[in-house]
Amino acid sequence: MLKFIDCFLRISVIPLSVATIWLTVTNQQDNTIFGKLKFSHLLGLKYMVCISAICAGYAFVAIVSSCIKFLVTKAWLFFLSDQIVAYLMVTSGAAVMEIIYLAYNGDQKVTWSESCSSYGKFCYRMKLALIFHALALVCFIVLAVISAYRCFCLFDPPSVPSNKEVEEGRT
């Protein structure tokens, strides 16, 4: 059952990441007053595209390696990789959340006005891409827990000394 959940989540990450990439890369809007806004104008969106590509690639490699059963015996490898990918996804998601926040609210202290009233379609697609990215992140968080369980199941639990051993140690 655990292997099925693991495989399902890894397969689910691929279309979620591809959807994130597609929505972000094709996101652009032209405004007669302010000009054209594209994803390539915002570094945080570029970062999210790169991380989503890494996530999709890693998920594919993990699925293939579990089918080959070559790397499956290396539970610690999946544990570390899943953790790293999950943390990278958190950082890219946070970067895009900040962009979305500033686009909707602006920052009056540095005289940035909000821009979503002028670029509503762009902001909507950015939010949608962030939702897909967040769903992929949830998959990787669950995968990180599963891989941690698999990794630490290989070791015996620490032994708890009995009362008799504790008393002998005190004397």
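Predicted model: local features only at pLDDT ≥ 70, side-chain atom pairs only at ≥ 80, totals over all residues.
## The disulfide

Residues are numbered from 1 along each chain as its sequence is written, and side-chain values use heavy atoms, with hydrogens and water left out.

Which cysteines are the partners? They are Cys-116 and Cys-123, and their sulfur atoms sit 1.9 Å apart. The torsion about the S-S bond of this pair is about -90 degrees, so the disulfide is left-handed.

Helices (H or I, at least four residues) and strands (E, at least two) are DSSP runs, numbered from the N terminus. Axes are lines fitted to C-alpha atoms, for helices over the stretch in contact, and angles between N-to-C directions run from 0 to 180 degrees.

Take helix α1 (residues 2-25) and helix α2 (residues 43-68): their axes come within 8 Å and cross at roughly 150 degrees. That makes α1 roughly antiparallel to α2 (angles over 145 degrees count as roughly antiparallel, under 35 as roughly parallel, 65 to 115 as roughly perpendicular and the rest as oblique). In the contact of α1 with α2 there are 16 nonpolar, 5 polar and 2 charged residues. Here Ala, Val, Leu, Ile, Met, Phe, Trp, Tyr, Cys and Pro count as nonpolar, Asp, Glu, Lys and Arg as charged, and the others, Gly among them, as polar.

Now for helix α4 (residues 120-152): its axis and that of α1 come within 9 Å and cross at roughly 155 degrees. α1 and α4 are therefore roughly antiparallel to each other. Their contact has 19 nonpolar, 5 polar and 5 charged residues.

Strand β1 (residues 28-31) and strand β2 (residues 35-38) pair in the antiparallel sense over 4 bridges; for strands to pair, DSSP must find at least two bridges between them. A hairpin links β1 to β2 through 3 residues, and Asp-30 stands opposite Lys-36 in β2.

An unreviewed UniProt entry annotates residues 45-72, 84-104 and 124-149 as "transmembrane region". UniProt positions are given in the numbering used here, feature names are shortened, and annotations may be inferred rather than shown by experiment.

In the model, residues 84-104 are 100% helix and 0% strand, with end C-alpha atoms 30 Å apart. Residues 124-149 are 100% helix and 0% strand too, and their end C-alpha atoms lie 38 Å apart.

How values were computed. Disulfide = S-S within 2.5 Å.
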